[in-house]
Amino acid sequence: MENELKVPTMAELFAAGQQPEVLFWVGCAGSFDDRAKKITKAFVKILNKANVSFAVLGTEESCTGDPAKRAGNEFLFQMQAVTNIEVLNAYEVKKVVTACPHCFNTLKNEYPGLGGNYEVVHHTQFLKQLLDEGRISMEGGQFKGKRITFHDPCYLGRANNVYEAPRDLIRKLDAELVEMKNCKKRGLCCGAGGAQMFKEPEKGNKDVNIERTEQALETKPEIIAAGCPFCNTMLTDGVKNKEKESSVAVMDIAELIASAEDL
């Protein structure tokens, strides 16, 4: 099988006495959501192409506890977090990369207080690092001159001040980066943060994701780029609501790069 994806687990590497460069934290969305699985696969293809030694926890990975904490169940959050920290520390994990800003924020900012200290990077930061080190090269190819607008995930942007890595990557694709009126520090939530992903919206005049999608469509984009599986879902739903799915694609940064590289 030429196309088979190589995804080693920490247990396999540990048994062989090896320590990978990074642990790829897949997250619940990237593991179970059919749309987000495509982002996971795209990112893995890039890691393999760049010869990054990485591993996943596989069945040993549990939810970081972000939805529980944001929904107000601190007890459940701490139970989930401590279980994960015990596993991570047993494998002596030093560096974690994840494609989910919710996992990123929780692992980076909430876990140290419970004994889990790791270098945590978002996949856009890691991809930028690979590019800067010359481990991946990017040709614009099919994205050359395409109008792409980037939606800042709340837990990546305003919560952790990561704004430039994803934008640098879009520019490297020779695409035309167009900004929405609410971007960077003034970014608008997709509507799924704070465990809102898992409940129906409250009564109101307009859903948040529709408002955000309208802002994105104002830039006349060919692609709405995201860096979060939750945002991806909300913006995709928004684009469908506006019946624009045939002309506007919603893609993760990892998917853009994997597509540009024909991976």
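Before you start: the model is predicted, so local features need pLDDT of at least 70, side-chain atom pairs count only at pLDDT 80 or more, and totals for chains, interfaces and linings use all residues. Residues are numbered from 1 along each chain as its sequence is written, and side-chain values use heavy atoms, with hydrogens and water left out.

**Stop 1: the cores**

Select F126, L127, I170 and L256. Of the 37 residues in the largest nonpolar core, these touch the most other members. A nonpolar core is a set of buried Ala, Val, Leu, Ile, Met, Phe, Trp, Tyr and Cys residues joined through side-chain atoms within 4.5 Å. Buried means under 20% relative accessible area, exposed over 50%, and partly exposed in between, with a 1.4 Å probe and protein chains only.

Now colour α11 (253–260). The largest share of this core, six residues, comes from α11. Helices (H or I, at least four residues) and strands (E, at least two) are DSSP runs, numbered from the N terminus.

Centre on L127. Leaving aside residues up to four places away in sequence, L127 touches F43, I46, I136, L169, A254 and I257. Contact means heavy atoms within 4.5 Å.

**Stop 2: the open sheet**

Show β6, β5, β7 and β8. They form an open sheet of four strands in that order, with parallel pairing. At the edges stand β6 (176–177) and β8 (249–252), each with a single partner strand, so one side of each has no neighbour in the sheet. Two strands pair if DSSP finds at least two bridges between them. β5 and β7 pair over three bridges. Pick F150: A225 in β7 stands opposite.

**Stop 3: helix α10**

Select residues 229–241. This is α10, with 13 residues. Its buried residues include F230, M234, L235 and V239. Next comes E243, which follows α10 and has a positive phi, near 55°.

**Stop 4: aromatic pairs**

The structure holds three aromatic pairs. Rings of Phe, Tyr and Trp (its six-membered ring) pair if their centres lie within 6.5 Å; planes under 30 degrees apart count as stacked, over 60 as edge-to-face and the rest as tilted.

Select F14 and Y91. They sit edge-to-face, 5.1 Å centre to centre, with 80° between the planes. F14 is partly exposed, at 39% relative accessibility. Y91 is buried, at 9%.

Finish with F24 and F43. Their ring centres are 5.1 Å apart and their planes at 70°, so this pair is edge-to-face. F24 lies in strand β1 and F43 in helix α3, 19 residues apart.

Conventions
Expected span 1.5 Å × (residues − 1).
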